Amino acid sequence: VSDRTAGPSKKPAGVGGRAAMASLRAAAALPRLTASTALSRTLPATALPSKPCVQSQTIDADGTPDDRHRQQQIRHRHSSRQVKRLFKNHPARRRVAHRMGHVPPPPPTSERKFPAVFEPDVILPNGWSKPPSEGDGFVMPDYPFRVERTKGKPNGAPGFLPVYSDCRVAGTKHLTVVRKVSGNQKVFINELRAVLGLPGEGGGDDPINVTTGGTIEIKGQWNRQVKSWLAGLGF
């Protein structure tokens, strides 16, 4: 007689695996219940959309579709700098326009209204020049604008004209900055354009910018020209 107790009967190998595979095949054959099928079972057929939603399109008077609205939507996806680069000032577009002869003429420059009334004796390398004095019989004309010199110099010496050079964007952008301008700033800018030969306001990329504090910024290095012009006006 064997000392081993009789254990539970074992199933033949492979029977359980075949049964499990059969149950998986049967489950796979059943239709799946997704969100769309569940919604179609709960809602009537008339409540379901039959066609995808299509945006309306504007039609011109001659029957052709108007794509201006779509172009406007595409442009709103870009920033103002990207719109200028892609749609308005693209280099390839400018080359083609120049080749076809469609280049718009440059805007006319304004003419000077206030001629020079004083010539300084000497202008130092640092840009300082002696202003005219009333003791020499000089009479300042009645300009609609005024430019004040810097103050706080020793022994009551006259200061400098508030014209400075600035360099930004890692040394790639040079500006000329004019401060302490009071009065009619628009007349001053128009006269400045005439002196430097800069285009008017309709030129697209305006080289003159006025900040919130009233500082005038000019693209380029115009330090000596602006100082000579202001000194000639008697400032």
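Buried here means under 20% relative accessible area, with exposed over 50% and partly exposed in between (1.4 Å probe, protein chains only). All the close-ups come from a predicted model, where local features need pLDDT of at least 70, side-chain atom pairs count only at pLDDT 80 or more, and totals for chains, interfaces and linings use all residues. Residues are numbered from 1 along each chain as its sequence is written, and side-chain values use heavy atoms, with hydrogens and water left out.

**View A. The aromatic pair of Y143 and F145.** Rings of Phe, Tyr and Trp (its six-membered ring) pair up if their centres lie within 6.5 Å; planes under 30 degrees apart are stacked, over 60 edge-to-face, and the rest tilted. That rule gives eight aromatic pairs. Y143 and F145 count as stacked because their ring centres sit 5.8 Å apart with the planes at 15°. Both residues are buried.

**View B. F188 and W229, a tilted pair.** These two rings are 5.3 Å apart centre to centre, with 40° between the planes. The pair ties together distant parts of the chain: F188 belongs to helix 6 (residues 185–196) and W229 to helix 7 (residues 223–233), 41 residues apart. Helices (H or I, at least four residues) and strands (E, at least two) are DSSP runs, numbered from the N terminus. W229 has a relative accessible area of 5%, so it's buried; F188, at 0%, is buried too. Zoom out a bit and F114, Y143, F145, F188, W229 and F235 make up one aromatic cluster.

View C. Contact means heavy atoms within 4.5 Å. Skipping neighbours within four places in sequence, F188 is in contact with F145, V147, V178, V181, I216, W229 and L230.

**View D. R193 and its surroundings.** R193 sits in helix 6 and is buried, at 4% relative accessible area. Beyond four places in sequence, R193 contacts S110, L198, P199, G200, E201, D206, P207 and I208.

**View E. S129, a buried loop residue.** S129 lies in the loop between helix 5 (91–100) and strand 1, and its relative accessible area is 2%. Leaving out residues up to four places away in sequence, S129 touches P120, V122, I123, R149 and A231.
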